[in-house]
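Hello,

Here is the structure we talked about. My notes on it follow below.

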Number of protein chains: 2
Amino acid sequence: MADFAARAEALDRTDPLAGFRSRFILPDGVIYLDGNSLGLMQHSVASRLARTASKEWAEGVIRSWGGAGWFDLPMTAGDRIAPLIGVGRGEVAVGDSTSANLFKCLAAALHLRPGRSVILAEGDNFPTDTYIASGLAGLVERAELRFLEPGEALSDRIGAETAVVLMSHVDYRTAEIRDMAAVNAAAHAAGALVLWDLSHSTGAVPVDLVAADADMAVGCTYKYLNGGPGAPAFAWIHSRFYPEVRQPLSGWMGHLAPFGFERDYAAAPGARRLVCGTPQILSLAALDEALAIWDDVDLAALFEKGRRMTAFFIEVVETECRDLGLQLAVPRDCDRRGSHVSFRHASGFEIMQALASEGVIGDFRAPDTMRFGFAPLYLTFTEVYQAAVRLRDILVERRWDAPAFRKRTVVT
Amino acid sequence: MADFAARAEALDRTDPLAGFRSRFILPDGVIYLDGNSLGLMQHSVASRLARTASKEWAEGVIRSWGGAGWFDLPMTAGDRIAPLIGVGRGEVAVGDSTSANLFKCLAAALHLRPGRSVILAEGDNFPTDTYIASGLAGLVERAELRFLEPGEALSDRIGAETAVVLMSHVDYRTAEIRDMAAVNAAAHAAGALVLWDLSHSTGAVPVDLVAADADMAVGCTYKYLNGGPGAPAFAWIHSRFYPEVRQPLSGWMGHLAPFGFERDYAAAPGARRLVCGTPQILSLAALDEALAIWDDVDLAALFEKGRRMTAFFIEVVETECRDLGLQLAVPRDCDRRGSHVSFRHASGFEIMQALASEGVIGDFRAPDTMRFGFAPLYLTFTEVYQAAVRLRDILVERRWDAPAFRKRTVVT
């Protein structure tokens with residue numbers, strides 16, 4: 001115990017990222033291990049939002065589309081994300097939800113592989129990925145959705161009829177990092193494309209889409225990118241596919257000449273065509289501001305801190321909570337693990353509720369996964385240690401076994 | 001002149017809506033005739049946004065999905081819009097852009113009319129409507145987009161192959177109000193559905209979807225509803241079509257049990273299934289707050305003020321700017337006219353730029369339409385009068401004929 005506490009303190013003392021914590025508003029009395037679900041807010045975001053509303057909207061009114069850079073914001077925000085995923089400026093479009101961007105990219109993939117019909121999607125992917133794939137398959141007659149079940153080898157399922165493989169880079173429950181380059185190579189060998197969901201990767205683990213020869217990717221910005229609740233998502237398609245890229249959510253903001261008011265659609269060059277309708281500027285401005293921090297972050301140090309935090313949490317929990325019914329549900333190999341840790345427990349829901357009631361916020365993923373996210377920009381090792389101790393006490397004393405913790409309410 | 005000024009003053013003195021003006025932040029030194037493009041911000045929205053960011057997000061963090069009502073916000077905001085369009089509580093879903101909602105509804109219409117292939121869309125509708133229809137038609141093999149050209153009678157073009165007619169209720173350039181009940185009846189007689197775009201109607205002219213026997217509608221919220229730049233749009237489909245309604249942007253937030261993390265999509269009951277991915281909460285909260293004002297508004301008085309303002313503007317401009325090259329491009333009949341006035345002029349772009357440089361903000365719609373919007377909640381008749389005088393002076397002295405006003409920049 002004292003040993004872990006001292007180690008945590010030592011790790012905090014030498015943490016090269018310690019200075020970033022003060023840029024965030026830390027919720028009172030909370031150890032926040034849910035930054036992989038909704039990241040914390042930075043102080044600068046409050047002032048940016050106030051400026052966007054009270055200066056740009058209220059005073060600048062319609063003039064701000066040009067004067068405050070609103071029109072360009074989907075791409076300028078995208079330029080801030082590009083270095084985190086290994087792609088170039090002008091290649092990332094920000095806007096809409098991850099779900100809508102999945103739809104755009106899957107449809108674009110079908111168009112780029114006209115003789116093929118199958119969307120091969122991980123069956124245990126985050127549900128919105130499978131839901132959107134099924135929405136598209138239900139709409140497009142030639143499209144068929146097939147599931148790659150856990151344990152099945154991609155090479156056994158991919159074939160000449162596969163248009164696109166849909167996969168998460170980091171699994172939202174098991175935190176497993178997929179070998180992106182290997183999957184891309186296998187898919188390409190079969191003539192198929194791969195669409196990567198980077199929601200649990202971006203800002204948490206190394207992503208180099210171009211080096212991995214990736215085709216297309218989408219991702220969420222409200223997790224490790226701290227963009228705010230429901231912050232607009234991003235989409236990227238490799239430049240080799242332009243100008244053939246066609247996506248069906250062809251709204252006016254992705255048009256070549258949006259203010260020409262022409263009847264017929266003509267796509268803007270490059271990634272701008274991934275923009276659909278008028279972007280939700282308040283949410284987008286908050287995200288843009290939140291992303292500014294990445295200019296200052298040493299990514300190698302960030303990823304290393306993430307690996308150390310997850311490893312430390314696993315070590316403390318497995319030591320302190322031995323024989324208390326927890327089952328580690330993430331890889332032990334740091335290099336195969338994203339920045340969250342899951343444990344399975346039959347009463348996982350109640351335990352997470354009890355933890356939250358005592359100020360440790362993680363989340364629960366049905367049916368039995370307790371999930372703890374470690375955002376290296378604002379967490380300390382001491383918090384990680386304290387959370388593990390709190391978990392132990394709750395388990396030992398069965399404090400989770402109370403009616404109040406059985407009530408199912410909305411948790412994302 | 002003096003006559004018009006005195007009349008304006010008298011109209012302002014007796015304006016039953018005069019009290020609402022003080023709820024808005026009025027841009028300094030500006031007469032704002034562009035509320036049909038981006039409505040003004042209310043004071044209360046600034047505090048709501050600050051609360052949503054600094055309390056709900058920063059302090060409440062993930063707990064706010066339930067605790068602050070974020071999860072329900074697409075429907076609670078929808079309930080505020082419902083009375084403005086003549087539908088019931090729980091029937092309107094808010095989220096995504098108008099463009100994305102057009103896509104959802106058009107696809108739903110194709111599903112509801114399985115034996116039919118044609119989307120019949122007004123050729124001179126707002127471009128995003130035609131762009132989205134063409135995006136869907138390009139994706140779905142059986143779908144075909146045909147344009148209804150200006151002047152063509154719907155009855156001449158609709159037929160047994162028509163699945164859905166896509167039309168704006170108020171034309172974005174000509175302000176013409178379509179006879180919604182008549183169009184619906186004609187379409188229904190041919191077995192087709194109608195999707196109405198209410199972007200230039202909601203909060204500006206009477207809309208009663210149920211009374212007009214409408215099938216489905218979408219609309220924008222950043223115009224007369226003052227929701228903020230790119231504020232999330234709304235969608236409605238008549239309850240008679242549920243539970244058969246299927247829309248392909250089937251993200252997890254429209255699922256029956258979003259937190260069950262099931263592999264297969266099952267639609268939530270009713271309009272909730274029109275919600276796609278995680279909603280952009282900052283923009284959505286600002287909209288929700290902006291909509292609160294409608295609880296206090298006498299809609300009959302609002303519509304009457306809109307009619308009077310547009311009529312007064314036309315009268316003053318046609319009197320003061322006689323023989324200066326302006327051509328009225330909206331109906332003279334108040335009951336057939338929305339809440340904006342358009343004049344055509346070969347140098348319309350430059351004239352609008354010159355007007356803006358002198359503090360009168362309207363907008364321009366290619367190729368030659370000068371558009372002036374009249375938002376009854378915050379405009380005075382005196383402003384309407386002053387804007388007309390400013391326009392006259394600019395035309396008489398040809399102040400628009402300067403290099404600075406020829407530069408084309410982004411204007412929405």
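In chain B, four strands make an open antiparallel sheet, ordered S9-S10-S13-S12. Strands here are DSSP E runs of at least two residues, helices H or I runs of at least four, both numbered from the N terminus, and two strands pair if DSSP finds at least two bridges between them. S9 (327–328) and S12 of chain B are the edge strands, each pairing on one side only. Five antiparallel bridges link S10 (340–344) and S13 (369–373) of chain B; B:Phe343 has B:Met370 in S13(B) as its bridge partner.

This is a predicted model: local features need pLDDT of at least 70 and side-chain atom pairs pLDDT 80 or more, while totals for chains, interfaces and linings use all residues. Residues are numbered from 1 along each chain as its sequence is written, chains are lettered from A and ligands numbered from 1 in the order written, and side-chain values use heavy atoms, without hydrogens and water.

As for the interface, 88 residues of chain B are in contact (heavy atoms within 4.5 Å) with 88 residues of chain A. The two chains bury about 7,400 Å² between them, 68% of it on carbon and sulfur atoms; this is the accessible area (1.4 Å probe) lost on being put together, summed over both. B:Trp57, B:Tyr131 and B:Phe261 supply 12% of the area that chain B buries against chain A, more than any other three residues.

Two salt bridges (Lys or Arg side-chain nitrogen within 4 Å of an Asp or Glu carboxyl oxygen) are counted between the chains. A:Arg263 forms a salt bridge with B:Glu149, with the closest N and O atoms 2.7 Å apart.

Regards
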